[in-house]
Structures are given as C-alpha cells and as structure tokens.
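Subject: Structure handover

Hello,

Here is the structure you asked to have passed on. My notes follow below it.

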Amino acid sequence: MTSAASSAAPAVSFEFFPPKTEKMEQSLWQAIERLAPLRPAFVSVTYGAGGSTRERTHATVCRIQKETGIPAAAHFTCVGATREEIDSIARTYWEAGIRHLVALRGDPPESAGGIGGRYEPHPGGYAYAADLVAGMREVADFEISVAAYPETHPEAPSAQFDLDNLKRKVDAGATRAITQFFFDNDAYFRFLDRCAAAGIHVPIVPGILPITNFARAVEFAGKCNASVPQKLADTFDGLDSDPETRHLVAATVAAEQCQALQAQGVNDFHFYTLNRADLTVAICRMLGVKAKAAAPSPAPAA
C-alpha cells in the first residue's frame, strides 16, 4: 500500500475519445481548452472497438500535441491489423513527435460482438497486449501505459490469471499501468498490495470516472466488472430529474474519492473525461491542481 500523503499537488492526466461529428469535435476542443491550463502530465485518446476510429484517433492525438504542447498518448490495440501495419502506424506516431502509447488488447469489432464479444487474435497480428508492448519496444523507445483491473478483467478466468497478465505486460516493457475506473478505494489498495507481492513495481495510476449519468455509469461498470457500492446508488437515487443537484453531487462524490486516495499517498490520477471538462476541472481544483499558465487556445480545424 502507498505511504503517507504528499503535500505536492498531484499529477493528473485526461482521457478523451475521438469525435464522430462536427458538433462532437467542437465539444471535444472546448473541453481541451478548459483542461489544458491544468497542464496535465499527458492526455490520451482512445480507439473504438475493432480499431474503428484509428484515423480519427491519430488526427486528434497529433493535433492536441501540436496545438497545446501537452504530451499526447495514442491508444493502440491488437485488433484489426497485422504486426507490420501496427508497427508502421507506431513509426508514424514517432515521426510526428508522439512518444507515449497506451497498449491494449482491444475489443472485437461490433460486427463480431463488440464489447463483450469473443476476442480472436488477428491473423498475423499481435495476439495480446503483452505482445503489443514487446513489439512497440522494438519500434522505438516509447513510454508505454497498459490497462490494469483492480476488480479483475471480466474475461479473465481468475484474479490471479489477470494479475499474471499484468505482470507479463510490465515484463514486456510497460512503464505505467492505468486502472479501469473503480468506486471502491479498498479494492484499489488491495490490488496495489497484490501487485507489489507479484513483483509489479511500475506506477499503477487510478482511473477516475466522474459520474455524469448514474445509469450509464452502472452500465459501464457492469461491462468492466467494477462494483458499485450501495452507498453510491443511494446518493444518486432520485436525482434523474434534478440535473443541477446531480451535477453537484457528482463533483462531490468524485472529489471525495480522490481526496481519500490522496490521503493514502496517491499522487497521480487519470480522469476518464467523456470529452467533458466541467466535473474534471472542479475535482482537480479540490485536489489542489490549478491552472499554471494560460495555455494556447486550440486553433479551429482546417
């Protein structure tokens, strides 16, 4: 378990997903404009199931780094491409100045069941995330983040199997693990203890999901095997028709979770923003993360 709390403001990072429409792109860049002055350690941009947003991910990652100066990380998955194709994309990122990848197994395309469908390695591709990490290490000296599951990946046959898989990813060259979101801090700390006992010594950054819609959060939690404490359900009960109160409650709940982690020595946080800035800005403020300087405003898309 981590030691005493640090007095320094924590390091934060933010996750976005690539926009599908012009309106969503405007929302994304409004969020980035608000979050950029917090000077995150990095921001990451996701892939869709089956690598369906690869080109939009690439464009968004490169634009964020170019126009804000914030280190940007691209999500990389094993699905939908051969090793040669993935290696080529990685080299393109390196040539564009991107030095950080988030290496994931990935979900099968929607035509194959999407999230929750059966994963099958691509013929000629990287089979699993540990293989992808090793491959990216051969391409260039990337910083590589991988996923971790405090409450076990939903497809893993056991918690030990899942932990062994994380160890394989770290041994292959991962430099950081970012957890799936969780609402039970005790589960995270138990996971840290198990990782330490297994010889996993890279930073394991907690992934935080500010709740904008409780029903959707429960749905997400069901898909990724994250438990939802009854107290949390009780707190949001009856707020569906009261968005203002729900918003205040959401900020308070997430800030209290982060402050409790911080009190136990956690000093890095990765926020799943869902391309919205308001809750994340408020939570960061309550953690002592303030705007350090006016960041350049993202330019309009060409």
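Which side chain does the side chain of His270 join in a polar contact, and at what distance? The partner is Ser13, at 2.7 Å. Please keep in mind throughout that this is a predicted model.

His270

His270 belongs to strand β8, which covers residues 268-272. With a relative accessibility of 0%, His270 is counted as buried, because the cut-off for that class is under 20%. Once its neighbours within four places in sequence are set aside, the contacts of His270 include Ser13, Phe14, Glu15, Phe42 and Ser44. Ile178, Val205, Pro206, Gly207 and Ile208 are also in contact with His270.

The chain overall

There are 302 residues, and 49% of them are buried. The secondary structure consists of 10 helices and eight strands. Of the contacts with a separation of 6 or more, 79% are between residues 24 or more positions apart. The chain exposes about 14100 Å², with 51% of that area supplied by carbon and sulfur atoms. Eight aromatic pairs turn up in a search of the whole structure.

Two arginines are placed over tryptophan rings. The charged end of Arg63 sits over the ring of Trp29, 3.7 Å from its centre. Arg99 lies over the face of Trp94, and the distance to the ring centre is 3.7 Å.

Helix α2

Helix α2 takes in residues 54-68. Its 15 residues should span 21 Å at 1.5 Å a residue, and the end C-alpha atoms are 21 Å apart, so the two values agree. Which residues of α2 are buried? They are Thr57, Thr60, Val61, Arg63, Ile64, Gln65 and Thr68. An α-helix has 3.6 residues a turn, so residues three or four places apart point the same way. The elements that the buried residues of α2 pack against are β1 (11-16), α1 (22-35), β2 (42-45), β3 (72-77) and α3 (83-95). After α2 comes Gly69, with a positive phi near 80 degrees.

Helix α6

Helix α6 (residues 185-197) has 13 residues. From its first C-alpha to its last it reaches 19 Å, close to the 18 Å expected at 1.5 Å a residue. At the start of α6, the backbone nitrogen of Asp186 has a side-chain oxygen of Asp184 within 3.0 Å. The buried residues of α6 are Asn185, Ala187, Tyr188, Phe189, Phe191, Leu192 and Cys195. Their cover includes the strands β5 (143-148), β6 (176-181) and β7 (204-208). The helices α5 (159-171) and α9 (243-263) are also included in that cover. Just after α6, Gly199 has a positive phi of about 85 degrees.

Thr152 is not a glycine, yet its phi is positive, at about 80 degrees. Thr152 is in the loop between β5 and α5. Its relative accessible area is 15%, so Thr152 counts as buried. Asn225, also not a glycine, has a positive phi of about 65 degrees. The loop that holds Asn225 runs between α7 (214-224) and α8 (230-236).

Regards

Notes: Residues numbered from 1 in each chain as written. Predicted model: local features only at pLDDT ≥ 70, side-chain atom pairs only at ≥ 80, totals over all residues. Heavy atoms only, no water. Helix = DSSP H or I, 4+ residues; strand = E, 2+ residues; numbered from the N terminus. Buried < 20%, exposed > 50% of the residue type's maximum accessible area, 1.4 Å probe, protein only. Polar contact = N/O pair within 3.5 Å; in protein donor to acceptor, adjacent residues only side chain to side chain. Contact = heavy atoms within 4.5 Å. Areas by Shrake-Rupley, 256 points an atom, 1.4 Å probe, with all protein chains shown as cover. Phe/Tyr/Trp six-rings, centres within 6.5 Å; stacked < 30°, edge-to-face > 60°. Lys NZ or Arg CZ within 6 Å of the ring centre and 35° of its normal. Expected span 1.5 Å × (residues − 1).
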